[in-house]
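This briefing is for a reader who is new to the structure shown below.

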Amino acid sequence: MSRKAMVTGIVLLISIWSGSVSWGISASECIEQGRAEMFPCTLSGMRSAYQTFDDCLDDPGCVDCSSNRELIFLHALTQTAMLVVRDNAGEPNSVLEIAKLFDLELLGNDCNNLGYTYPTNEHDYYEIPEGAPDASEISELVKSWMIPEIDEIMAELNSISDLPCDHTFRIYFEPSETGLEGNLEVDYGEVLILKGGLLALRARLQAQAAYDIFVSEDYKLVERIYSGCVDVNDLLNTHPDLFMVLPTANDANDGTAALVQARQDWIDSINYYLDAIDCIRSEDDPPGTDPQDDELVYIDPNDEYFVDTVNGKLSHLRDSLVNDTVATYAVETTKTYDVYDASPTLIGQLVLVYDFIDAEGEDGSLTFVDGGPAPSPWEVEWHDREETWLEVDVEYYSEGGWREGYFEGTLSPDGSSITNAKFEYWGSDYGTLNNLSGQIVGTEVEYANVDFNPVFGSSARYPQPVNPRDLLPVFDEWNGPQPNTVGHGLGDDATLGGILPDMTQYDWQILGDVLQPGGLFYIDSINPGQITIDGNMNDWTSGQLVLDDISGDTEEESSTIQGVDIDKLYMAYDSENLYGGITFFDNINNETHYWYDLYLSYSLDEDSALHSIHIDIEVDNGNADGTLYFRDNYYGQSYWKEVASFNAAAGPNAIEFEIPLGQIAGGLSGRFITIESGGWNPASYEWDGEWNGTHLKIAEVGSIAGTVSYDGYTGAPVFVQAYTKLCEPEDSLVACTMVTEPGLYTLEGVGLNWQGYVRAFTPLFGFDNPFELEAFDIESSIAVSLSGSNVNGADLVLNDPCLLETDVWVDGEINGDLWEEDWYAFDAEQDGAYTLHLTRATAAYACMSLYGRDGNTKLGELYYWQTQQINWDCPVSGRYYIKVANGDYQDGVGAYQIRMCEQCPCLGDIDESGQISLADLDAMVNILLGAGPPFIVGCPDIRCDCADFDSSGQVTLGDLDAMVNLLVAAGPPFIVPCE
């Protein structure tokens, strides 16, 4: 047989036998090909590399592939990337393929230069396509695909080695692959990091699948959130299984089992991370064995302290989960250093309060001795510690001005001393202190116990996982969490079922100062003369107690300012006066200037809303002065208007006041109470204060009712709100409601004698697409006064933007009392040229702005000093929008006219023939003669873009003169073509 025939036969036999051109390939060849595809990093290359590695591992002809650790690691690495970027047109099994179900497309191929695109509708908004999966379907996709694939990757990584740190496993990527100057080393530390990251991801996915998060579509939660009408109690009552561990009526999955797996995954993930750190640290031991300069992941010597701290925290957490015990953490460590100059002479003290990580913080102080080398005191804004470096940013505000400073120095490894330090400061004072040092003189450590075992359950102490719903407090009707109710589902257990064993209801109340009383209450009615305003509180009774506050909730935890920590608030009234008394946990002193503020507002948590009452009491040298203010309105801008002085008196640890009821505009009912205190010591520059934004509301309250009509109704809910601020409804809400369709509405809980505004609104494009909610609202508002217990007939009419027709003037009016915005729409064709005119009749400051098809993107804006004319070329066919509003704070009430037309070919072409000729001159003469002396024609009577040469907003003899000069310059036959 000839050699040629023999070779041909062998090739044919191999092809038939293997069915693959890769038969007989070696692991090294697979790695070489796959690495060439991986670098430089592209999506297509990464996919090709994964497929190459996958084919090789599946190929029985590759005898060394299944045992080659580099090949296995690269396959696991690229398969991890496939969790995100796989794109094979099969069942969705990557983040990218799930995104495609929503018509989201990735743009680009270079890993470092990627973008995305999505289809838009006629409003230029992304629109969720029909058939796209909902949240529950996405969750099922992830569980059915991602978790099993993570398990596959983990099995591969586990096969690389069973040693805690296998230093025999190393991969080097060359400069020709990475673009770096030298080789890049990947070793077993990266294997452990990848395993830990995958398990952390799986733990998160398992935990997310353990709880009931179902909210009925009929409940319209998105709509309620959009309108500010969310009622937490209503949401929880309507969905009794919400935030409960599965199974529930909505989902039969076993949440407890999912949490068991999540618990173990977190433990294993932490172990892998800690093993990775140990492995990385041991790579260059002894030094020089494996220098770290070329490592993909290594530990910078400056970060050793930070890494050790984090490792300690994670070890506590892991041990707590493994042993079913409580983890104890040092959450706040205060270190105090004496500061010395070069002499060395003691010149000051530095106090640093570290946060949970023990490497940085945002609290502390820097003080110098009296008459020392720099001004004092300073407040620490932030401080940061690296291994042997400390930097501190300080700042201070006082009546003398502002100053800022920066302290830096070398820190000893044990943190006990500071050397080579420098302090620079600037502002009202400036200077530099060099050659400073510091020595630690005190350390205070606070500990906190944390136990996540109740979260996961299935332990000896906590057989069942805690339900997140049971951890919630009780909420008042304004969604305010109530004091002493945290962990309400567990019997008001402040420890949250043992998660935070040390927490008390007091701790929750002082944390953020947000748990304050809520609800309606009645001020006690007393007989005249029952209370004497003398600073002595012995004539008050428990029946007049409004607020019983906790101690220690001032802004400065360690401040020396006394007389600002509020204890109790009392209020009462008789036929003539409103009385009040405030007590404090410590005494008022004569060295401090005090201010005490009581706000009575119709708006929740907004003490500066219109028609609020401000009771201001200032105390100096034991003498109290009171001033009453009223939040009034001036041309749409609110301000505090001084009403009158009133009688006030200060006692040892209390103040009292009385205010004639006749001076309180609108009465008291329906107002929320906010109380503040403050104190400032001019000598020491120290200050402290307290703020209590209660949800207490003074009775009585009434209701406002009416109807909403809307001819353009398309099915979206309509929202109705009562508010006080003209230009900031959201910041001054008094009441709100949602109606599923136009018709009757009722607003409850509005204070008697309230005066303000009621508006109805709904998104222009409805709620079919949550991405279109930023478009402007269809809105209507009216002024309302609640003089009795209820008001009926507060009717509102909603209208779509008025559609402008070509060359048709439309009359409009600015109503300054309602901060009105008039909206118009017009249809435009792509590449069409359009002109928008607005002429002011009596609306002297009316201005217009042009918006895109989304009703939100501003395409053009004119100011009140400009001629109101916009020339615009349409980029895409569709409906566009125009807003007309008052363009200045001055009174802009009055009438205007607006018109849309296709643009003139050019200025001067009155007959729009495409050229300026004697015919246009004749037309202008006739227009001016028709107007008669003084021969002035306003823009509503003529298209200004065709005739207003000087952009004055009107056509005059000056414009006629400009046209004559233009034609004369052209010469016979006096024609100027439009360009």
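The largest cavity has a volume of about 50 Å³. A cavity here is a set of points, on a 1 Å grid over the protein atoms alone, where a 1.4 Å probe fits but cannot get out. Its volume is the space filled by probe spheres set on the points, with grid points joined across faces, edges and corners. The model is a predicted one, in which local features need pLDDT of at least 70, side-chain atom pairs count only at pLDDT 80 or more, and totals for chains, interfaces and linings use all residues. Residues are numbered from 1 along each chain as its sequence is written, and side-chain values use heavy atoms, with hydrogens and water left out.

**Cavity**

- Searching the whole structure gives one cavity of 30 Å³ or more.
- The lining of the largest cavity consists of Y710, G712, Y713, T714, A716, V718, T762, P763, L764 and G766; a lining residue has an atom within 4 Å of a point.
- Six of these lining residues are nonpolar, four are polar and none is charged.
- In this classification Ala, Val, Leu, Ile, Met, Phe, Trp, Tyr, Cys and Pro are nonpolar, Asp, Glu, Lys and Arg are charged, and the others, Gly among them, are polar.

**Largest pocket**

- A pocket is an open set of grid points with protein on both sides within 12 Å along at least five of seven lines.
- The volume of the largest pocket is about 1,700 Å³.
- Its lining has 43 residues, and D134, A135, S136, V215 and E217 lie nearest the centre.
- Two or more lining residues come from each of the elements α6 (135–158), α8 (188–208) and α9 (221–227).
- Helix α6 gives the largest share of this lining, eight residues.
- By class, 22 residues of the pocket lining are nonpolar, 10 are polar and 11 are charged.

**The chain as a whole**

- The protein chain has 17 helices and 46 strands, both taken as DSSP runs (helices H or I, at least four residues; strands E, at least two) and numbered from the N terminus.
- The C-alpha trace spans about 115 × 100 × 70 Å along its principal axes.
- Of the 979 residues in the chain, 48% are buried (buried is under 20% relative accessible area, exposed over 50%, partly exposed in between, with a 1.4 Å probe and protein chains only).
- Among contacts (heavy atoms within 4.5 Å) with a separation of 6 or more, 63% are between residues 24 or more positions apart.

**Salt bridges**

- The structure holds 29 salt bridges, each a side-chain nitrogen of Lys or Arg within 4 Å of a carboxyl oxygen of Asp or Glu.
- One of them joins E185 and R170, whose closest N and O atoms are 3.5 Å apart.
- E185 is in strand β4 (residues 184–187) and R170 in strand β3 (residues 170–173), so this pair ties together parts 15 residues apart in sequence.
- E185 is buried at 0% relative accessible area, while R170 is partly exposed at 30%.
- Another bridge pairs D358 with K313, with 3.3 Å between the closest N and O atoms.
- This pair links distant parts of the chain, 45 residues apart: D358 is in the loop between β6 (346–354) and β7 (360–361), and K313 is in helix α12 (residues 304–323).
- Both D358 and K313 are buried.
- D324 forms a salt bridge with R461, and their closest N and O atoms are 3.2 Å apart.
- The two lie 137 residues apart, D324 in the loop between α12 and β5 (327–340) and R461 in the loop between α13 (453–456) and α14 (505–510).
- D324 is buried with a relative accessible area of 13%, whereas R461 is partly exposed at 36%.

**Two individual residues**

- S320 is part of helix α12 and is buried, with a relative accessible area of 2%.
- Not counting residues up to four places away in sequence, S320 touches T325, V326, A327, V450, D451 and N453.
- L918 belongs to helix α15 (residues 918–931) and is partly exposed, with a relative accessible area of 44%.
- Leaving aside neighbours within four places in sequence, L918 is in contact with L967 and F974.
- The C-alpha atoms of L918 and M963 are separated by 9.6 Å, and the two residues are 45 residues apart along the chain.
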